Amino acid sequence: MKTWPPFKLSSGRRCSQKQRPGTEFPLAETIYDVTIIGGGPAGYTAAIRAAEYELKVALIEESAKLGGTCLHVGCIPTKALLFNAEIWDHLKHAAEFGIEGIGAPTLNWAAVLQRKNAIIAKHAKGLDFLMKKHKIARIEGYGRLTGPALDGVHTVEVTAAGSEISPVKTKNVILATGSEAKMLPGLEADDRILTNIEILAMEQVPKSLIVIGAGAVGMEFASLFRTFGTEVTILEFLPRVVPVEDEEISKEITRLFKKRGIDVNTSAKVEKVERTETGLKVTYIDQNGNPKTKESEKLLVAVGRAGRTNDLGLENTRIELERGLIKVNEAQETAEPGVFAIGDIVARLPQLAHVGAMSGMIAAAKIAGRPFRPVRRDRIPGCTYTEPQIGSVGLTETQAKEKGYEVKVGKFPFAGNSKATILGSHDGFVKVVADAKYGEILGVHILGPQATELIAEAVAVLELEGTVEELMFTIHAHPTLAESLLDAYGAVEGMAINA
Ligand SMILES: Cc1cc2nc3c(=O)[nH]c(=O)nc-3n(C[C@H](O)[C@H](O)[C@H](O)COP(=O)(O)OP(=O)(O)OC[C@H]3O[C@@H](n4cnc5c(N)ncnc54)[C@H](O)[C@@H]3O)c2cc1C
């Protein structure tokens, strides 16, 4: 891959003094306004926004391709495969829609993977284009902090391929090094024990799969492979699946997953993983305290993600960690002046691409001296792209009560929505959590068709502090799935129309 600036180094000095297009400074003398370490959604978004503020920006990424976990082994490939699964589901039910002659469709897994890879490649190229468009200096190599700024200038050490080291001078640094899958103690990923990386590269759809961990990642892979015929078992340590969601969502998706033939086990404590001749054997203690075993061809470990804060030179700084993640203030500043942190490495923020991107925009605004609005934890949408999907924002019913609100709840089932009938997709509901006193909408929780798209309306409603009364009189087009939100707002006052 072509990188800019040319980073072939000898004895710690750049071999090229060429002028970077769009700047009047020779490279060796360049002091960047901001240097970002990590080119995932947090890092590249921060870079672009900083360039839009007309700052001089460098982006250090160790991989030859920008995009991070999200583009290469996270959001994008999983959603690409989940869309294949959706099509597959539709084809299986084609006769119900009066489309005959489909017979028995067969899955060309290699072609499925090829399409996924083409999507990734297209967007990686798009990022290269955006870096050039915004005249961002793309530096390929591993970045590390060397210590506090001297006379307001930080030095980031970049180790390029071939172990050559070079300094990059910069007034501000944004750390955006992301995260990696946690493993269970004593296990290592290979062709049977998988993380998100290996599972996305499997050459065949497995006959059986045990998924440890029922957060969004575990649930999505469980949903996806079940659609393609895999015998799927979920083992979740906590008492419910998707534990960050409203309890009613966890309960209903458990019922629906079981209906689809997924073996869902909650309060299940994994004790041991052993290799068998053909696969793996997992021993766990079930919810009644009884030891159980389950065998499968593959095992996915989806028990959370650890921030990549290990080898960043943090020990040379005042940066503080909390459970391995970096503590920041509302402008994404760390305790080391001039050093910011964004994305998955930040403590107390959900590890989501859109949170990373927004935290990057905030850091860029702060550095540029422009206005910004801090991330509000209760305004972050959470999406799980299972069948059916989950989209939620704001407080759950329990959280609202714990915060002392007098809560009113409205719930509307998709069974009463005409567009859901047209789509043949009736499972799930919209649940609205509102404050009884002023009618403010505190949370919206959707399980059902296109929930991950529908939730955008609710995010705007919460951001604008919408009330039940305002929303009950907000016109929603007909026939749409969005009308289910209108009915759910009405249901808060016991006045849904279609149920
Ligand atoms: C299977 C899966 C599905 C997911 N689906 C979704 C989803 O649907 N929606 C959603 O919002 N989120 C999803 N996520 C989470 C999302 O991928 C992350 O929140 C997001 O990628 C975090 O962005 P980031 O920029 O902080 O880190 P990353 O995307 O991890 O990027 C960090 C980058 O930094 C580079 N890097 C690390 N250290 C250095 C260094 N020292 N020097 C130079 N470069 C370095 C890495 O190579 C990497 O490119 C998913 C995650 C997984 C695993």
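Modeller: A residue counts as buried under 20% relative accessible area, as exposed over 50%, and as partly exposed in between (1.4 Å probe, protein chains only). This is a predicted model, in which local features need pLDDT of at least 70 and side-chain atom pairs count only at pLDDT 80 or more, while totals for chains, interfaces and linings use all residues. Residues are numbered from 1 along each chain as its sequence is written, and side-chain values use heavy atoms, without hydrogens and water.

Biologist: Is Cys383 buried or exposed?

Modeller: The cut-off for buried is under 20%. Cys383 has a relative accessibility of 15%. That value makes Cys383 buried.

Biologist: How many disulfides does the count come to?

Modeller: A disulfide here is a pair of cysteine sulfur atoms within 2.5 Å. By this rule the count is zero.

Biologist: How far from Cys383 is the nearest cysteine sulfur?

Modeller: Cys383 is in no disulfide. The nearest cysteine sulfur belongs to Cys75, at a distance of 11 Å.

Biologist: On to the ligand. How many residues surround it?

Modeller: A residue is near a molecule or strand if one of its heavy atoms lies within 4 Å of it. The closest residues to the ligand are Glu61, Thr69, Lys79, Asp344 and Ala353. The residues surrounding the ligand number 37.

Biologist: How far is an oxygen atom of the ligand from an N or O atom in the side chain of Thr69?

Modeller: A polar contact is a pair of N or O atoms within 3.5 Å; within protein, one must be able to donate a hydrogen and the other to accept it, and residues adjacent in sequence count only if both atoms are side-chain atoms. A backbone N or O atom of Ala42 is 3.0 Å from a ligand oxygen, and a side-chain N or O atom of His354 is 3.1 Å from a ligand oxygen. For the side chain of Thr69, the distance is 2.7 Å.

Biologist: How much of the ligand's exposed area does the protein bury?

Modeller: Accessible areas come from the Shrake-Rupley method with a 1.4 Å probe; for residues, only the protein chains shown count as cover. Taken alone, the ligand exposes 990 Å². The buried share is 94%.

Biologist: Which element gives the most to the shell around the ligand?

Modeller: Helices (H or I, at least four residues) and strands (E, at least two) are DSSP runs, numbered from the N terminus. Elements that give two or more residues include α1 (41–52), α2 (68–73) and α8 (353–368). The element that gives the most, with four residues, is α2.

Biologist: How many nonpolar residues does the shell have?

Modeller: Ala, Val, Leu, Ile, Met, Phe, Trp, Tyr, Cys and Pro count as nonpolar, Asp, Glu, Lys and Arg as charged, and the others, Gly among them, as polar. The shell has 16 polar and six charged residues. Its nonpolar count is 15.

Biologist: Which residue is the bridge partner of Tyr142 in β7?

Modeller: Two strands pair if DSSP finds at least two bridges between them. Four bridges join β6 (residues 142–145) to β7 in antiparallel fashion. The partner of Tyr142 is Thr159.

Biologist: Why is strand β7 largely enclosed by the rest of the structure?

Modeller: On its other pairing, six bridges join β7 to β8 (residues 165–175), also antiparallel. Strand β7 spans residues 154–159. It is largely enclosed because, of its six residues, the number buried is five.

Biologist: Which strands stand at the edges of the open sheet?

Modeller: The five strands have the order β10-β17-β11-β12-β13, with parallel pairing. An edge strand has a single partner, so one side is left without a neighbour in the sheet. The edge strands are β10 and β13.

Biologist: Which side chain does Asp246 join in a polar contact of 2.8 Å?

Modeller: Asp246 lies in the loop between β12 (231–235) and α7 (247–259). Asp246 is buried, with a relative accessible area of 1%. Its partner in the contact is Lys431.

Biologist: What is the omega of the peptide bond between Glu387 and Pro388?

Modeller: Most peptide bonds are trans. The bond from Glu387 to Pro388 is cis, and Pro388 lies in the loop between β22 (382–384) and β23 (389–394). Omega is about -5°.
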